[in-house]
Amino acid sequence: MKRGIKLILGCLLISLSILIFKHAHITTGGTTGLALNLSYILSVPFDYVFFMVNLPFYILSIRGMGWNFTVATAFSVGIVSCFTGIERFLPELVISPWSGALFGGCLMGIGLAILFSGRSSIAGTGVVTVYLQKRFGWNPGRLNLVFDSVIIGLGTFAVSLTDTLFSALSIVVISLILSFFKNRIANTYTSEPAVGSLRVNN
């Protein structure tokens with residue numbers, strides 16, 4: 001029950017951050033940013049794109065993190081897809097890129113930290129981040145920064161250069177928050193291993 005509450009709360013915060021990014025017309029890192037880029041370029045609803053781009057990462061998740069983590073991740077991706085889909089029923093809002101980067105980044109960072117501590121993610125680079133954190137003890141915030149910088153660079157094809165800079169600010173905020181919670185995230189995978197997960201050899 002406690003884990004389920006964590007997953008729902010984390011997904012809610014992440015969904016809110018995505019809606020803020022969209023209404024600020026900026027992007028961010030990870031598969032979330034990739035899905036935002038594609039939704040801008042193709043004029044396709046974000047929730048459809050987000051669900052599809054995450055499918056390949058489930059293979060890595062099963063092999064590296066186990067079925068328990070993968071099922072929780074698939075659940076989280078589905079919930080975020082559903083939550084963000086309500087945008088079609090909301091009135092059009094305009095949010096400044098500056099506010100979008102700061103508030104959206106804060107919500108995304110906290111939401112991801114909650115999911116990671118609940119032994120889940122929203123797939124994509126989140127799976128790679130948690131896997132490397134678990135196996136090698138690498139800093140999840142710094143890993144996120146590297147992966148996200150690549151996605152932000154690709155975002156120049158979807159948004160303006162100015163908006164790309166605000167998008168970069170969002171991933172800095174996300175990475176700082178994940179780094180702040182790194183010990184709590186690490187403890188989740190050492191003191192409370194996921195039941196039924198596959199063993200990862202060092």
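Trainee: How many residues does the largest nonpolar core have?
Mentor: A nonpolar core is a set of buried Ala, Val, Leu, Ile, Met, Phe, Trp, Tyr and Cys residues joined through side-chain atoms within 4.5 Å. Here the largest one has 38 residues, and Ile-14, Ile-18 and Phe-50 are among those with the most contacts inside it. Helix 1 (2–24) and helix 9 (161–180) are among the helices that each supply at least two residues of this core; helices are DSSP runs (H or I, at least four residues), numbered from the N terminus.
Mentor: Keep in mind that this is a predicted model: local features need pLDDT of at least 70, side-chain atom pairs count only at pLDDT 80 or more, and totals for chains, interfaces and linings use all residues. Residues are numbered from 1 along each chain as its sequence is written, and side-chain values use heavy atoms, leaving out hydrogens and water.

Trainee: Is Asn-54 buried or exposed?
Mentor: Buried means under 20% relative accessible area, exposed over 50%, partly exposed in between (1.4 Å probe, protein chains only). Asn-54 has 0%, so it's buried. You'll find Asn-54 in the loop between helix 3 and helix 4, where its side chain reaches the backbone oxygen of Phe-50 at 2.8 Å.

Trainee: How many disulfides does the structure hold?
Mentor: A disulfide is a covalent bond between the sulfur atoms of two cysteines. The cut-off is a pair of cysteine sulfur atoms within 2.5 Å. This structure holds zero.

Note on methods:
A polar contact is a pair of N or O atoms within 3.5 Å; within protein, one must be able to donate a hydrogen and the other to accept it, and residues adjacent in sequence count only if both atoms are side-chain atoms.
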